Amino acid sequence: MQPEDVPMDDLPLEYKPKTVSFPQISEEMVASVALGLEDELIVAARHGLSVEDYNELAVQPWFQLQVQMKRSEYEKNGVTFKAKAAWMAGDLLDQVYLSAASTDASLSQKHEVLKTLIKAAGLEPKEEKVKDTGPGFSISIDLGGGQSVSLTNQQGFTPVTLDAEVKEIKNA
């Protein structure tokens, strides 16, 4: 085959890569690729792309720009560090549990691991916060004969006290 046998038109040759449209690329896929916790091909497969499709997508300037913008946002907000720390903690969780569950672990070590796991799971008892219901009030009623009753909406519990004569009950 001779060079003159190659069909060519009179249009200029393009040396830059051709931009291809991928309408099915979701924000979630861009976010997963930008986060970098998984291999990009695994992310692509989860979103229905073949290896060939992803390789073609990965060289597209618009896709690279979207991924880089999301990476910058994640780094600025500390999302990347937090996500990697959470992944690492999850990876070590099984090892920590097995170590604490072994017969070689002391009771104090087991207790520390238990406290840590309870805290990480969000199972700690939470303090109930009393909402402010407005201005406070207090009512005292003198019932006579040394007896009185007090009512209030102040924070905390104020026991009601009744002053009464003590009478002995005799069994008949």
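How much accessible surface does the protein chain have, and what share of it belongs to carbon and sulfur atoms? The accessible surface comes to about 14800 Å², and 58% of that belongs to carbon and sulfur atoms; such areas come from the Shrake-Rupley method with a 1.4 Å probe, and for residues only the protein chains shown count as cover.

A quick word on what you're looking at: this is a predicted model, where local features need pLDDT of at least 70 and side-chain atom pairs count only at pLDDT 80 or more, while totals for chains, interfaces and linings use all residues. Residues are numbered from 1 along each chain as its sequence is written, and side-chain values use heavy atoms, with hydrogens and water left out.

**The overall layout**

The protein chain holds six helices and two strands, in the order α-α-α-α-α-α-β-β along the sequence. Helices (H or I, at least four residues) and strands (E, at least two) are DSSP runs, numbered from the N terminus. Of the 172 residues, 14% count as buried, meaning under 20% relative accessible area, with exposed over 50% and partly exposed in between (1.4 Å probe, protein chains only).

**The core**

The largest nonpolar core has 16 residues, and Ile25, Met29, Val33, Tyr54, Leu57 and Phe63 touch the most other members. Such a core is a set of buried Ala, Val, Leu, Ile, Met, Phe, Trp, Tyr and Cys residues joined through side-chain atoms within 4.5 Å. The most come from α1, with six residues.

Now for some contacts, meaning heavy atoms within 4.5 Å.

Ser32 sits in helix α1 (residues 27–35), and it counts as buried because its relative accessibility is 16%.

**Where α3 meets α4**

These two helices pack at an angle of about 80°, with their axes 7 Å apart. That angle makes α3 roughly perpendicular to α4, a label for 65 to 115 degrees; under 35 degrees is roughly parallel, over 145 roughly antiparallel, and the rest oblique. From α3, the contact uses Tyr54, Leu57 and Ala58, and from α4 it uses Trp62, Phe63 and Gln64. Those residues divide into five nonpolar, one polar and no charged.

Note on methods: Axes fitted to C-alpha atoms, helices over the stretch in contact; angles between N-to-C directions. Nonpolar A, V, L, I, M, F, W, Y, C, P; charged D, E, K, R; others polar.
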